[in-house]
Amino acid sequence: MHRLLEIALATVGLIVAAPVIIVAGVLVRRDSPGPALFRQVRVGRDGLPFTCLKMRTMYLDTGDRPSHDVGRSSVTKAGNILRKTKIDELPQLWNVVRGDMSLVGPRPCLPSQTELIEARRRRGVLKMRPGITGISQIAGVDMSDPERLATLDATYVKSLATDLRIIFATVFGAGRGDRVSSDT
């Protein structure tokens, strides 16, 4: 039942968010060359890879690295706005409809983040579908601290009440996106 509700909410969310995604796409394309949508392989449920969709917030030459490993100069002007407002996450609603992700769960990491993957495996976190938002995100814990992140992710227990609390906290500004390192 929970999964059907997520699919319904994600589908409605995609329909409602479509104009915002289109405008964001235009802003991304005007700000820097390249596609508006960013596709990246992430680690999903049971450690299986999937293609995660986001609005592109960084320049094309940034590479396939975690946000906390790149400098602020890698983020485009439009990307700063999209990240602050969390609009960059809206295309992930499609990942929810497809079954790759949930609305709420541990944030999906890159296959190269082996320390985080192992910490999550030890704590059983990889048994869950990754989420657009999660308990760690609203607590402000990002992927630069793998052990702390995995420990907090392991405390998440899926329930409608918990998911609604986390979604509302995310929508109303709790937490932040993954930190971007300062340029040196």
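This is a predicted model: local features need pLDDT of at least 70, side-chain atom pairs count only at pLDDT 80 or more; totals for chains, interfaces and linings use all residues.
**Stop 1**

Select Arg3 and Glu6. Their side chains meet in a salt bridge, with 3.4 Å from N to O. Both residues belong to helix 1, which covers residues 2-31. Arg3 and Glu6 are 3 residues apart there, so about one helical turn separates them. Now colour the pair by accessibility. Which of these two residues is buried? Glu6 is buried, with a relative accessible area of 4%. Arg3 counts as partly exposed, at 21% relative accessibility; the cut-off for buried is under 20%.

**Stop 1**

**Stop 2: a loop residue**

Next, select Val157. This residue lies in the loop between helix 6 (146-153) and helix 7 (160-171). Is Val157 buried or exposed? Val157 has a relative accessible area of 59%, and because exposed means over 50%, Val157 counts as exposed. Val157 and Ile135 are 22 residues apart in sequence, and their C-alpha atoms are 9.7 Å apart in space.

**Stop 4**

Select Arg123 and Glu147. The side chains of Arg123 and Glu147 form a salt bridge, at 2.7 Å from N to O. This pair links distant parts of the chain, its members being 24 residues apart. Arg123 sits in the loop between helix 4 (114-122) and strand 4 (131-133), while Glu147 is in helix 6. How exposed are the two partners? Arg123 is partly exposed, with a relative accessible area of 30%. Glu147 is also partly exposed, at 29% relative accessibility.

**Stop 3: Arg98 and Asp100**

Finally, select Arg98 and Asp100. What joins Asp100 to Arg98? A salt bridge does, and the closest N and O atoms are 3.0 Å apart.

How many salt bridges does the count come to? The count comes to 11 salt bridges. Among them are Arg3 with Glu6, Arg123 with Glu147, and Asp100 with Arg98.

Methods: Residues are numbered from 1 along each chain as its sequence is written. Side-chain values use heavy atoms; hydrogens and water are left out. Helices (H or I, at least four residues) and strands (E, at least two) are DSSP runs, numbered from the N terminus. Buried means under 20% relative accessible area, exposed over 50%, partly exposed in between (1.4 Å probe, protein chains only). A salt bridge is a side-chain nitrogen of Lys or Arg within 4 Å of a carboxyl oxygen of Asp or Glu.
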